[in-house]
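I opened this entry to look up a helix, a loop residue and a pair of domains.

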Amino acid sequence: METVLRGRSSEVRIDSQGPVVMIGEKINPTGQKKLTEALKEDNYGYVKELAERQLEHGAHVLDINVGVPGLDEVALLPRIVKRIVSDFDVPLCLDSGNPEALAAGLKEVSGKPLVNSVNGEHDRLEAVLPLVKDRQAAVIGLTMDEQGIPTDPERRLAIAEKILNRAVQLGIPKQDVVIDTLVLTVGADQNAAKVTLRTIELVRERLGVNINLGASNVSFGLPDRQTINQAFMALAIGAGANCMITDPVKLARSILACDLILGRDPYGKRYIVSTRKRLA
Amino acid sequence: MDILKQMAEAVIAGDAEHCVSLAKQAMENNLDPVEVIQQGFSKGMDTVGGKFESGEMFLPEMMQAAEAMKGGVAVLKPAIESTGSGSLTEFGKAVLATIQGDMHDIGKNIVKLLLSTSGFEIIDLGKDVKVAVIIDKAEEIHADVIGVSALMTTTMGYMPELIQELQELGIKEELPVMVGGAPVTEEWAKEIGADGYAKDAVGAVRTAKGLAKK
């Protein structure tokens, strides 16, 4: 199963047999004071800096979220997208809870973007999937719905199935739906990640679509988060996740190591080149 | 070590069994259950809260400590209720909810756990709770504080709505609102006219106590 994303002229393939695709998560103001301020002051320079740093560290795709309370996201998202598109030839992942902002952002983006996200909620599906279809984009489907995030893997699978079915009904190709199995922190519930890992296996087996994960939530509230994030990512990748929304500055190297270990990095080339770059 | 100190230590260690056995021991010795809780278990929880804030203890440890304390308190509760010798909810009633449109309730549940060990009676309305439902409940039970959380920038917008609605109904003074959640900042809380803000559950206990006293 292959999900193709495109920038202006670049192309990234999320391939169930291939290496993990990294989506840089840092352009997201939630909990980030400096970016929040930058967006309020219309200081694009800092946004650009975040983009550059993530690409240097191996991000294949950039997530763009500009949701700051009090700012007009419908105007801001397309403005930032336009500038990123003119500076970087990389596929974008437009990230917003506001369908109007997504629609506005999609007008400015080149190539084939990823839309982040829909979930199993009826209203959300009906508001966002038509935008995805019209723009011929790909979309991330979160395994949660009106009832919240199920603690039962079978129920998360059922939501994934519902999203996939609705997308296909609307004419979005199956391969353009990437399922995000969601992970909550093991700091609050020590079984939280186990549920996610099992969901990954189920989605892989039964639906065969590509699987995305945000790998930073899992360690919230715990010391030395990096160690937990790395361990979780390795297990998730082993279970079948092949797209990660994460901080490439911190986690790109572990992801490359996973690819190497799973036989997806011939002659260890990607891992070695990245190591040299880091040592240089 | 005296029993009160042992109770505090058992909470800090998150040792639920020990909390239960110490509570039983306190009953056998005819100690005043309310005092035992306040001078024993609660002191332990205070220490845990302080260590959490200074980064010496972590979320699961704090949750374990709170659960352990709840186990001990459950043993003492019947005695308090039958004798009417005092109250475990001296700070009154807190109505908690994750705001309309938002399904993320882990943070709210941790706040609930901590508030329930800190002298509050909790009325938990759950997640994705409509503004009107929160207000109706808070009014009906004469809540001492309302706590709402949001984890998404898209659902945060219901927080100012809640506050405006309270203002329009002329009951804002009686029903103080505290807000929290990942995208919520202290600055924004002030901007929307919230009475309190906390960045984590320990802060929420402090904020709630301050608001309920008023």
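My notes follow in the order in which I looked.

I am working with a predicted model, in which local features need pLDDT of at least 70 and side-chain atom pairs count only at pLDDT 80 or more, while totals for chains, interfaces and linings use all residues. Residues are numbered from 1 along each chain as its sequence is written, and chains are lettered from A and ligands numbered from 1 in the order in which they are written.

I looked up helix 7 of chain A, residues 192-206, which reaches 21 Å from its first C-alpha to its last. Helices here are DSSP runs of H or I with at least four residues, strands are E runs of at least two, and both are numbered from the N terminus. Its buried residues (20 or more other C-beta atoms within 10 Å of their own, C-beta atoms being placed from the backbone) include A:Val195, A:Ile200 and A:Leu202. Among the elements that cover the buried residues of helix 7 of chain A are helix 6 (153-169) and strand 9 (211-214) of chain A.

Asp176. I found A:Asp176 in the loop between helix 6 and strand 8 of chain A. A:Asp176 is buried because 24 other C-beta atoms lie within 10 Å. Leaving out residues up to four places away in sequence, A:Asp176 touches A:Thr3, A:Ala138 and A:Val139, contact meaning C-beta atoms, placed from the backbone, within 7 Å.

Chain B. I noted domain 1 (3-83) and domain 2 (92-213) of chain B, with bounds from an automatic or database domain assignment. Between them, 8 residues of domain 1 of chain B are in contact with 7 residues of domain 2 of chain B.

Methods:
Expected span 1.5 Å × (residues − 1). Buried ≥ 20, exposed ≤ 12 C-beta atoms within 10 Å, placed from the backbone. Contact = placed C-beta atoms within 7 Å.
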